[in-house]
Amino acid sequence: MSPGYRMPNQSVKAGEAVKPEDTHPVTGLNVKSLITSPGDNAILKSHLLNIQGVAWAGEAEIVRVEVSSDGGTSWQHAQLAADRARYAWRLWNFKWGAPNSGDFVIAVRATDSRGRTQPSAPVWNPSGYLNNAIDQVRIHVQA
């Protein structure tokens, strides 16, 4: 883990170099969720969708997954699958009805048992490690 898999000890500006002695090893994972279906830029014919994905938090447990279709103004709870284990993905799904035809951005965020929730923007670091920003997919719902 020298010099790889290391994070800066202090926040740094995007593109700023960091000396190896000013870093610490990555030893855990951040809370994160991803949308696995529908895919980005999907064109869908139904207004009723089953949005699905995975979430994980390393040593902690996923306790909540939320989905937004209005730019993060409001969030609705997804249903978590019953299977759960430390260090494993937790499956989730969400039934969503498009209010009309058109373009939408579906976003997802997870919260773990330590109270950590995915941020809207990643914390920058030179290697891009632990990027856990809110995941989004763009979809088009046809009439």
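D112 and R116 form a salt bridge in which the closest N and O atoms are 2.6 Å apart; the term denotes a side-chain nitrogen of Lys or Arg within 4 Å of a carboxyl oxygen of Asp or Glu. D112 is buried at 2% relative accessibility, whereas R116 is partly exposed at 26%. Buried stands for under 20% relative accessible area, exposed for over 50%, and partly exposed for values in between (1.4 Å probe, protein chains only). The structure is a predicted model, in which local features need pLDDT of at least 70 and side-chain atom pairs count only at pLDDT 80 or more, while totals for chains, interfaces and linings use all residues. Residues are numbered from 1 along each chain as its sequence is written, and side-chain values use heavy atoms, with hydrogens and water left out.

A search of the whole structure gives five salt bridges. Side chains of opposite charge can pair when their charged atoms come close. One of the salt bridges joins R90 to E61, with an N to O distance of 3.9 Å. This pair links distant parts of the chain, as R90 belongs to strand β9 and E61 to the loop between β5 and β6 (62-68), 29 residues apart. Strands (E, at least two residues) and helices (H or I, at least four) are DSSP runs numbered from the N terminus. R90 is buried, at a relative accessible area of 6%, and E61 is partly exposed, at 32%. E61, R84 and R90 are linked in a network of salt bridges. Another salt bridge is formed by E66 and R109, whose closest N and O atoms are 2.8 Å apart. Because E66 lies in strand β6 and R109 in strand β10, the pair ties together parts 43 residues apart in sequence. E66 is buried, with 8% relative accessibility.

The strands were then examined by their pairing, which requires that DSSP finds at least two bridges between two strands. Four strands make up an open sheet in the order β3-β5-β9-β8, with antiparallel pairing. At the edges stand β3 and β8 (79-80), each with a single partner strand, so one side of each has no neighbour in the sheet. Within this order, β3 (residues 32-37) and β5 (residues 48-56) run antiparallel and are joined by five bridges, with K32 opposite W56 in β5. Between β5 and β9 (residues 90-97), also antiparallel, there are eight bridges, and L49 stands opposite W96 in β9.

An open sheet of five strands has mixed pairing and the order β4-β11-β10-β6-β7. Its edge strands, β4 (42-44) and β7 (76-77), each pair on one side only. Seven bridges connect β10 (residues 102-112) with β11 (residues 135-141) in the antiparallel sense, and D103 stands opposite H140 in β11.

The largest pocket holds about 280 Å³ of space. Of its 18 lining residues, M7, H24, N30, V123 and L130 are the closest to its centre. On a 1 Å grid over the protein atoms alone, a pocket is an open set of points where a 1.4 Å probe fits, with protein on both sides within 12 Å along at least five of seven lines, and lining residues have an atom within 4 Å of a point. Grid points are joined across faces, edges and corners, and the volume is the space filled by probe spheres set on the points. Strands β1 (6-8) and β2 (23-25) each contribute at least two residues to the lining. By class, the lining has 10 nonpolar, eight polar and no charged residues. Nonpolar covers Ala, Val, Leu, Ile, Met, Phe, Trp, Tyr, Cys and Pro, charged covers Asp, Glu, Lys and Arg, and polar covers the others, Gly among them.
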